[in-house]
Amino acid sequence: MSPSTPLASATLLGRHHHEIGGLAASGEGPAAISLSRGGAAKTYGHTEPNEDAVYFARGKGGWLLAVADGHHGSSGSEAVIDHIASSLAADWTGDAALGFDSRTWQECSLDVLHDCGRAVLRRAAETGVAPAPTTLSLALARPGESALGWISMGDSHIFCATAQGIEDLGWACLEREDRYFVGYAAASRKGMRDRSVAGYRELGETRALLLATDGLSETNIGVACPSQAVADALVASETREPETRALALTKTLSRTAMAAHVSNRAGDNIGCAVLDLRGEGVAGD
């Protein structure tokens, strides 16, 4: 194994998962991902049945999670996840200290989002299809440094669970109705600053990180209270063995969203990525 290769990783892409009610999942210890077309058919205009993509990577230094929700096709979400996996994961989860602080992480986030946007445009040019702008939410946890970093653009979620409750660190925390996506030709690095959310702080007493696309929360499609759905999923997984708890957690959250789709008779893709830090020995190695 190359020193620049994560110890473990997994990716789920929407173009492989088109069955309504089906749920794909993959896990590695305290990390897991899941992806579904949804619990019901989409009732809004769309290009492909499933345009979401999800990813996690484990290295000696920590964990990286990402979810992406493509619009006008799945190529955008795939391009972003491919870029993260090939260009960021090895360094960010490796054993060498990264040396970020809140200021340098904020600046790094603009580079990441701009580079991801260019990846969307390159993929469109390579495949001869129209660009498919996408949301992106990612989280980096490095337990040895007690560091938590996150970047979000669009309406996908990053939930952080602590003993004090559930906090959404993504765009929803700003309580703004507008939203933006990566993958537009006119987008500039500078312009990303007011169109995204990023933060870097101590991992501290974080119990779990749960990333989800908006199939969890979309009005009249997903659940009425996403944070409560996250809290309920954490409780439901509490009695699981540590080695299966993350997988149970991501499946439960996805199935909660899918049940809402059935109840609302309107579906959406739902992608989730979780890191369960409730057990012992959660460092990358």
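Buried means under 20% relative accessible area, exposed means over 50%, and partly exposed lies in between (1.4 Å probe, protein chains only). The model is predicted, so local features need pLDDT of at least 70 and side-chain atom pairs count only at pLDDT 80 or more, while totals for chains, interfaces and linings use all residues. Residues are numbered from 1 along each chain as its sequence is written, and side-chain values use heavy atoms, with hydrogens and water left out.

**Stop 1: strand β12**

Select residues 270–276, strand β12, where seven of seven residues are buried. Helices (H or I, at least four residues) and strands (E, at least two) are DSSP runs, numbered from the N terminus. I270, C272, V274 and D276 point one way from β12, and G271, A273 and L275 point the other way.

**Stop 2: the sheet around β12**

Next select β11 (residues 208–212), which pairs with β12 in the antiparallel sense over five bridges; here L209 stands opposite L275. The open sheet has six strands in the order β2-β3-β12-β11-β8-β9, with antiparallel pairing. Its edge strands are β2 (24–28) and β9 (165–168), each pairing on one side only.

**Stop 3: helix α5**

Select residues 242–264. This helix, α5, lies across β2, β3, β11 and β12 and runs at about 150 degrees to β12. Axes are lines fitted to C-alpha atoms, for helices over the stretch in contact (heavy atoms within 4.5 Å), and angles run from 0 to 180 degrees between N-to-C directions.

**Stop 4: salt bridges at E107**

A salt bridge is a side-chain nitrogen of Lys or Arg within 4 Å of a carboxyl oxygen of Asp or Glu; the structure holds 16. Which residues meet the side chain of E107 in salt bridges? R189 lies in the loop between β9 and β10 (197–202) and E107 in helix α3, so the pair ties together parts that are 82 residues apart in sequence. R193 also meets E107 at 3.1 Å, N to O, and this pair links parts 86 residues apart. E107 is partly exposed at 28% relative accessible area, R189 is partly exposed at 30%, and R193 is partly exposed at 40%.

**Stop 5: a salt-bridge network**

Finally, select R207, E238, R245, D276 and R278, which are linked in a network of salt bridges. D276 belongs to β12 and is buried.

Key:
Two strands pair if DSSP finds at least two bridges between them.
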